[in-house]
Amino acid sequence: MTESNSPLTTAELAQFIDHTLLAPTATTADVAATIAEAARLGTKAVCLSPSVLPVQMPEGVDLSLAVVVGFPSGKHHSSIKAAEAALAASEGVDEVDMVIDIGAAIEGRYADVEADIRAVREAAPAPVLLKVIIESATLSDEAIVAVCEASERAGADFVKTSTGFHPAGGASVHAVSLMAKTVGGRLGVKASGGVRTREQAEAMIAAGATRLGVSGSAALLADSATEGPAGY
């Protein structure tokens, strides 16, 4: 959450964004174009599918590389998620966004959720950042709180609302606010899924989001852009 009521510049807003390409149809050319666009826009990171690794990152640009694990269902065995994370770490990624077993969270099996997260954390230790996708639109408030607490105990760095692929929906201001209150600044909060306009992005940031997962970053940053360079 920002300390000032002053609006974010476009460059400042870009630094909240993980520019995302997770379409199953993405080609090698699509991946290269997405990385180039992220560098041009000045986003914080680019978020890709693990099967596209290794990728060529631009030199002289402060752009983090994130990949997803157990995506999008989360119904992979923990050992498979850990193997995916370990392989990604060996390929030099900076960040891993893993999907929990959502059914386990719905059933209240929070110890299993924690063990799942811990397996990925151990496979991809710091300095790799670990973001935990909880699919918040499927969970009760009680479950959101419990899963965020499990994520913290397991050593995660962020909790993240959504894959953007679930029919229940993506990020909401309510979920982001609850997640931010639960982690209390000790973990980051990533709002992802359905964040398409500058107004939505700023509402998520005001609610406590410290990262945003966005596929249409250029359109969002051009939407009622505040004065300031965006790097494009």
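**Close-up 1. The loop between strand 3 and helix 3, with P72.** In this predicted model, P72 is found in the loop that runs between strand 3 and helix 3. The peptide bond that joins F71 and P72 is cis, with an omega of about -5 degrees. Most peptide bonds are trans.

Close-up 2. The place of P54 is in the loop between strand 2, which covers residues 45–48, and strand 3.

**Close-up 3. Helix 3 and the elements that its buried residues pack against.** Helix 3 is made up of 13 residues, 78–90, and from its first C-alpha to its last it reaches 18 Å, close to the 18 Å expected at 1.5 Å a residue. Its buried residues are K81, A82, A85 and A88. Seen down the axis of helix 3, these buried residues fall within an arc of 125 degrees, so they line one face of the helix. They pack against strand 3 (64–69), strand 4 (95–99) and helix 5 (110–123), whereas the face of helix 3 turned away from the buried side carries L87 and S90, which are exposed. Helix 3 is followed by G92, a residue whose phi is positive, near 90 degrees.

**Close-up 4. E135 in the loop between strand 5 and helix 6.** E135 has its place in the loop between strand 5 (129–133) and helix 6 (141–153). Phi of E135 is near 50 degrees, which is a positive value in a residue other than glycine. Most residues other than glycine have a negative phi. Is E135 buried or exposed? With a relative accessibility of 1%, E135 counts as buried, because the cut-off for a buried residue is under 20% relative accessible area.

**Close-up 5. The salt bridge between D18 and R211.** A search of the whole structure finds 18 salt bridges, and in one of them the side chains of D18 and R211 meet at 2.8 Å, N to O. Because D18 lies in strand 1 (residues 17–21) and R211 in strand 8 (residues 211–214), the pair ties together parts that are 193 residues apart in sequence. Both D18 and R211 are buried.

**Close-up 6. The salt bridge between E95 and K131.** The side chains of E95 and K131 meet in a salt bridge, with a distance of 2.5 Å from N to O. This pair links distant parts of the chain, since E95 is in strand 4 and K131 is in strand 5, 36 residues apart. E95 is buried, with a relative accessible area of 2%, and K131, at 0% relative accessibility, counts as buried.

**Close-up 7. The network of salt bridges that includes D18, E95, K131 and R211.** Which residues are linked in a network of salt bridges? They are D18, E95, D97, K131, K160, K190 and R211. Side chains of opposite charge can pair when their charged atoms come close.

Close-up 8. E202 forms a salt bridge with R198, and the closest N and O atoms are 3.2 Å apart. Because E202 and R198 are four residues apart in helix 8 (residues 198–207), about one helical turn separates them. E202, at 29% relative accessibility, counts as partly exposed, whereas R198, at 4% relative accessibility, counts as buried.

Note on methods:
Residues numbered from 1 in each chain as written. Predicted model: local features only at pLDDT ≥ 70, side-chain atom pairs only at ≥ 80, totals over all residues. Heavy atoms only, no water. Helix = DSSP H or I, 4+ residues; strand = E, 2+ residues; numbered from the N terminus. Expected span 1.5 Å × (residues − 1). Buried < 20%, exposed > 50% of the residue type's maximum accessible area, 1.4 Å probe, protein only. Arc of directions from axis to C-beta. Contact = heavy atoms within 4.5 Å. Salt bridge = Lys/Arg side-chain N within 4 Å of Asp/Glu carboxyl O.
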